[in-house]
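Hi,

Here's the structure I said I'd pass along.

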Amino acid sequence: MLGKLDNHLRFNELALNLRSTRQSVLASNIANADTPNYKARDIDFNSALQNALNNTAATGTLATTAARHFPTPAPDGSTLADGTPLLYRGIVQGAVDGNTVEMDVERNQFADNGLRYEAGVTFINSQIKGLMTAIQGQ
Amino acid sequence: MSLFSIFNVSGSAMSAQSQRLNVVASNLANADSATSANGEAYRAKQVVFEATPSANNASTGVKVQQVIEDPSPMRQVYDPKSPLADENGYVTMPNVNVVDEMVNMLSASRSYQNNVETMNAAKSMLLKTLTIGQ
């Protein structure tokens, strides 16, 4: 029973989680707008959500049981903790200091992502309301 | 919860930008300081920012890596009456470029405002999250 409730809310939970991660990536871009050689980064929300739903993203480490086994490579700067690839944003206007943060793009995406997060919260709220109605039968 | 890390990221950027503003203020204040405690004219200072990635890669803060002295040449002003003048009558004045510093000031204050906005947005998202299930 509880598993069914969990499955019912899973999609929106994953989406909210990814939205908040993306918000933090975008906030990092805004924070580093004046850092020399910083490259603006972002995640592809669509494929990241697909990966999370199919659970195909690589997580955890492989056990090495023999001396000649290769260890799992340590996470470098290219993926998030859950295995989502962290991409670089294309350069529109180059800067002399090597920084690729475009403040208008970042602010735009930040506002958009924040709004979609709040939409996700509204969806999950109405799902919970639906469940409450079913439970109480009123 | 990555929304909380936004507070750390924006907070680090705000403190870095305010440090930059502090350096700008001291440069502008000393734009005409021909001598100082060590007997030489004031040298302009500049901050160097550095990104500080976190372990999970999702959030990257900023810190001031170092404060450097501006290597540009000092300004020479002809003023034979000054007690600081050399044998040719020139006084070495600070290498503060006031126009540059004013631009720096505007840039720092705008970046600061941007990060305040970011923090406010994260706060309203967190407050909205707290209403889930109510």
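Below is what I found, going from the overall fold down to one residue.

First, a caveat: this is a predicted model.

Chain A has three helices and two strands, and reading from the N terminus they come in the order α-β-α-β-α. The chain is more spread out than a compact globule, because its radius of gyration is 19 Å, well over the 14 Å that the globule rule gives for 138 residues. For the overall dimensions, the C-alpha trace spans about 65 × 50 × 20 Å along its principal axes.

If you take the contacts between residues at least 6 apart in sequence, 76% of them link residues at least 24 apart.

Then the surface and the charges. Chain A exposes about 8400 Å², with carbon and sulfur atoms supplying 57% of that area.

One residue to look at is N37(A). What is its phi, given that it is not a glycine? It's positive, at about 65°. You'll find N37(A) in the loop that runs between α1 (2-31) and β1 (41-42) of chain A. And is N37(A) buried or exposed? It counts as exposed, because its relative accessibility is 55% and the cut-off for exposed is over 50%.

Cheers

Key: Residues are numbered from 1 along each chain as its sequence is written. Chains are lettered from A and ligands numbered from 1 in the order in which they are written. This is a predicted model: local features need pLDDT of at least 70, side-chain atom pairs count only at pLDDT 80 or more; totals for chains, interfaces and linings use all residues. Side-chain values use heavy atoms; hydrogens and water are left out. Helices (H or I, at least four residues) and strands (E, at least two) are DSSP runs, numbered from the N terminus. The radius of gyration is taken over C-alpha atoms; the globule rule is 2.2 Å times the number of residues to the power 0.38. Contact means heavy atoms within 4.5 Å. Accessible areas come from the Shrake-Rupley method with a 1.4 Å probe; for residues, only the protein chains shown count as cover. Buried means under 20% relative accessible area, exposed over 50%, partly exposed in between (1.4 Å probe, protein chains only).
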